[in-house]
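Visitor: Could you walk me through this one?
Guide: Gladly; here it is.

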Amino acid sequence: MLWHNIWIECGRPRDGFIADIMRRTRAAYHYAVRYIKKNNSDIVKQRFASAIVENRSRDFWREVKKVRGGKSDIQRTVDGHTQNDFIADIFANKYEDLYTSVRYDQTEMDVLKQDIEDKVAAAGYDSNCIVTFENIVNAVSKLKPGKHDGHFGLSSDHVTNACDELYIHIAMLMSALIVHGYITDDLSFSTVLPIPKGKNLNYSDSANYRGIALSSIIGKIIDLYVLSRYESFLTTSDLQFGFKRGHSTSMCTMVLKETIDYYRTNGNDVYCTMLDATKAFDRVEYCKLIRLLSIRNVPAVTIRFLLNSYLFQVTRVA
């Protein structure tokens, strides 16, 4: 657009005029590089301070990782195997067992699906089926930078830096998907990456890895749209700290420590019971989850779409 305006207002640009712009641009680039190198320490400190003040714990630890250095070396031996194919099969079998650990009764699922279809037919297709341009802009603004889908080569940066026309097309696509309750192949596809659970662990033991799923970028936008639009339907207990905006599990830890400290300071003994809910999130029963959404009065067309996104998901291990 800049070059177009220059061409219209000034006619065909002279060679000297173009060379002058190139010199100015090159000088601005080198100035920016020198500024970053000279003030790198202050810039890093500012990012740390902003992450703490705005309670962005993930951004804070991301900055810590940058300061500490790059990624560690790839583990070459897992469960006694050194060949890549065998290691891949180990994790593939592990996550297959995990994601199929909660089986549903087909009859119960058929009844649930029919109940949803009946509610869709009774309610008709109203404003709950329409995803607007503003909805997409709001969802895209919440995407984290540098997130990849793990398979198709798209990242969140492609969407956040796109033009408004793309958001219009995404809104139309999502409206059509919700109306028909249809899930495309790329939306239902995810890639699981085995990530070490922590430091100072035996990385040759597959039990010390947890799976991180990289899903469709458009799917992330749909998630953010649903969470934003139906936030009032999805309220939880004040004592829940995980999977909640403005909260983190570190807040729960702080409450526990403060409670223990209070009673110990007053000369009392403290006893604590721990429940190890290993992989509890992955064992949520679909039928119960969907019925809870229905009880919360989430629109039936949205529930149908979410249910199909669960039923038709496909996962690979990288």
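Guide: Helices (H or I, at least four residues) and strands (E, at least two) are DSSP runs, numbered from the N terminus. This is a predicted model, where local features need pLDDT of at least 70 and side-chain atom pairs count only at pLDDT 80 or more, while totals for chains, interfaces and linings use all residues. Residues are numbered from 1 along each chain as its sequence is written, and side-chain values use heavy atoms, with hydrogens and water left out.

Visitor: OK, how many helices and strands does the protein have?
Guide: The protein has 13 helices and three strands, and Glu108, for one, sits in helix α6, which covers residues 106-123.

Visitor: And how many salt bridges?
Guide: There are two, a salt bridge being a side-chain nitrogen of Lys or Arg within 4 Å of a carboxyl oxygen of Asp or Glu. In one, Asp115 pairs with Arg291, with 3.7 Å between the closest N and O atoms; this pair links distant parts of the chain, Asp115 in helix α6 and Arg291 in helix α12 (residues 286-295), 176 residues apart.

Visitor: What about Arg304, which residue does that meet?
Guide: Arg304 forms a salt bridge with Glu117, at 3.2 Å from N to O, and these two are 187 residues apart, with Arg304 in helix α13 (residues 300-311) and Glu117 in helix α6.

Visitor: Is Arg304 buried or exposed?
Guide: Arg304 is buried, at 9% relative accessible area, whereas Glu117 is partly exposed at 37%. Buried means under 20% relative accessible area, exposed over 50%, and partly exposed in between, with a 1.4 Å probe and protein chains only.
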